[in-house]
Amino acid sequence: MSILRSVLKTGGIVVGALVLIFLGVAGYASLRWDKNVDRRIPAMTAKADSATLARGEFLFTTGIGCWQCHGHDGDKAPPSGGMKFDLTVLSPSLGVYYAANITPDVETGIGGWTDGEIVRAIREGISKDGRVLFPIMPVDPLSGLADDDVLALVAYLRTLPPVKNKVPAREPSLFAKTLMTLGVIGPMKEQTEPIVAPERAMTAKYGEYVAKHASLCSDCHTPRNLQDGSFYYDSLLAGSSFQFGADDGSPVLSFAPNITPDVETGIGKWTEEEFMRMLRTGVGPDGKVRSKHMPYAYYGLWDTLELKAVYTYLRSIPSVRRTTPPTEYAGDALSSDQLVKGKGIFNSTCSACHGAEGKGAAPTNVVMAEVTPSLTDDELTEFITEGTEGLRMPGFAKTLSKDELKMVVTYIRSWEHPAVASK
């Protein structure tokens, strides 16, 4: 019995010590996680000539797609922030975060920031006040954005209308605070040398720059360590580790697939033509339309040179055999009510191009809500089923069932003016 008492006593001491250590670390993390980073502000100034602004607009809307997180209704709405990212759905929980207001509003946006402070935030992940930005902001890929490109982005942001919108404060979990206190989650390295983009050409080198820095291909398609958010770069572009849409209540949940040259689980069998078609219309070699989380409607606006350069680069990287789970519906798209389910399916497949309730979005000049009243149900169904490649409208014949198509049409009809009756 004396031995048992001794073991229990020793065990109690160990447990007590571990509890004290945990409480000590937790208390320290709660006090120190949001400490400022003492780092210089780059002495950089953006030009405002037409070519620079055009490049900045391209990066904002089509290349990097900043509006996807910072906007509200496609890139037609100013990026006044507020989108909620609920990372409590991960295990372990990392907390709740909100996209920042990046309009030029002085009080709630970036109107009071210098060009250098904006550059530092984009490429190093440090806010104006020296706080570390949580890595939902894709600073890892953006750390390699060329000087000319990052300044073009800054110049374009300056032209946007200011919107006063105070975004809620982030709510990191204790685990996330601990990671930030210990420096596991921290800023990118300081940029002390100029970054120059490779020559714009149909080469793997230029394709690498586009895929890894001037867009978010690597940010979405590379697996991460879900404990701290870091990338597994030994599996570059081999598919995401988490479902897109799970943190924002999306009606569709999808993993970014493996796009390495693996012939079984990647795109090793894809021809250049098939790759181009997928980027331009969202339709893969299997005839199915990809999830809206793949912004093909915007990447389809890239020049042919960019698309072919990325394809060339993807064919040059190491092949990784890794499978990601299939896309699935969630929320409204699972409803037993046909109208609600039709809304969910529309929002998971159509809204990225056509906007909420078909009111329009940047990838298309067609305002769906204005066009559909002139079409019969059969004509509308045929258009959705067959698509029109010249308009970059994918056909959903192999993506949606007949019942799902009927539900989408039912939902579309719910927007129409009462005076317009389907024939």
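Contact here means heavy atoms within 4.5 Å. That cut-off applies to each list of neighbours in the legends below. This is a predicted model, in which local features need pLDDT of at least 70 and side-chain atom pairs count only at pLDDT 80 or more, while totals for chains, interfaces and linings use all residues. Residues are numbered from 1 along each chain as its sequence is written, and side-chain values use heavy atoms, with hydrogens and water left out.

**View 1. L314 and the largest nonpolar core.** Leaving aside neighbours within four places in sequence, L314 is in contact with L237, I259, P261, I267 and F275. L314 belongs to the largest nonpolar core, a set of 73 residues, where it and F60 have the most contacts inside the core. To count as a nonpolar core, a set must be made of buried Ala, Val, Leu, Ile, Met, Phe, Trp, Tyr and Cys residues joined through side-chain atoms within 4.5 Å. Buried means under 20% relative accessible area, exposed means over 50%, and partly exposed is in between (1.4 Å probe, protein chains only). Helix α12 (residues 304-314) gives this core its largest share, seven residues. Apart from it lies another core, of 10 residues, with L87, F134, L179 and I185 among them.

**View 2. Helix α12 under cover.** Helices are DSSP runs of H or I with at least four residues, strands are runs of E with at least two, and both are numbered from the N terminus. The chain as a whole has 17 helices and five strands, and buried residues make up 49% of its 423 residues. In α12, eight of the 11 residues are buried: L305, E306, L307, A309, V310, Y311, Y313 and L314. What lies over them? The cover on these buried residues includes α8 (204-212), α10 (272-281) and α11 (296-299).

**View 3. A three-stranded open sheet.** The strand order is β1-β2-β3, with antiparallel pairing. β1 (84-86) and β3 (171-172) are the edge strands, each pairing on one side only. Two strands are called paired if DSSP finds at least two bridges between them. β1 and β2 (residues 95-98) pair over three bridges, and D86 stands opposite V96 in β2. β2 and β3 pair over two bridges, with P172 in β3 as the bridge partner of G95.

**View 4. R224, a buried arginine in a loop.** R224 sits in the loop between α9 (217-221) and β4 (252-253). Is this arginine buried or exposed? R224 counts as buried because its relative accessibility is 12%. Its side chain joins that of D219 through a polar contact of 2.9 Å. A polar contact is a pair of N or O atoms within 3.5 Å; within protein, one must be able to donate a hydrogen and the other to accept it, and residues adjacent in sequence count only if both atoms are side-chain atoms. Not counting residues up to four places away in sequence, R224 touches P135, D219, G229, S230, F231, Y232, S241 and F242.

**View 5. R39, another buried arginine.** Look for R39 in the loop between α1 (2-32) and α2 (50-63). With a relative accessibility of 18%, R39 counts as buried. The side chains of R39 and E124 make a polar contact of 2.8 Å. Leaving aside neighbours within four places in sequence, R39 is in contact with R120, E124, I126, P187, M188, K189 and E190.

View 6. On a 1 Å grid over the protein atoms alone, a cavity is a set of points where a 1.4 Å probe fits but cannot get out; a pocket is an open set with protein on both sides within 12 Å along at least five of seven lines, and lining residues have an atom within 4 Å of a point. Grid points are joined across faces, edges and corners, and a volume is the space filled by probe spheres set on the points. The largest share, three residues, comes from α11.

**View 7. The second largest pocket.** This pocket has a volume of about 420 Å³. It is lined by 23 residues, of which H354, T364, V366, F383 and M393 lie nearest its centre. α16 (377-386) gives the most to the lining, with three residues.
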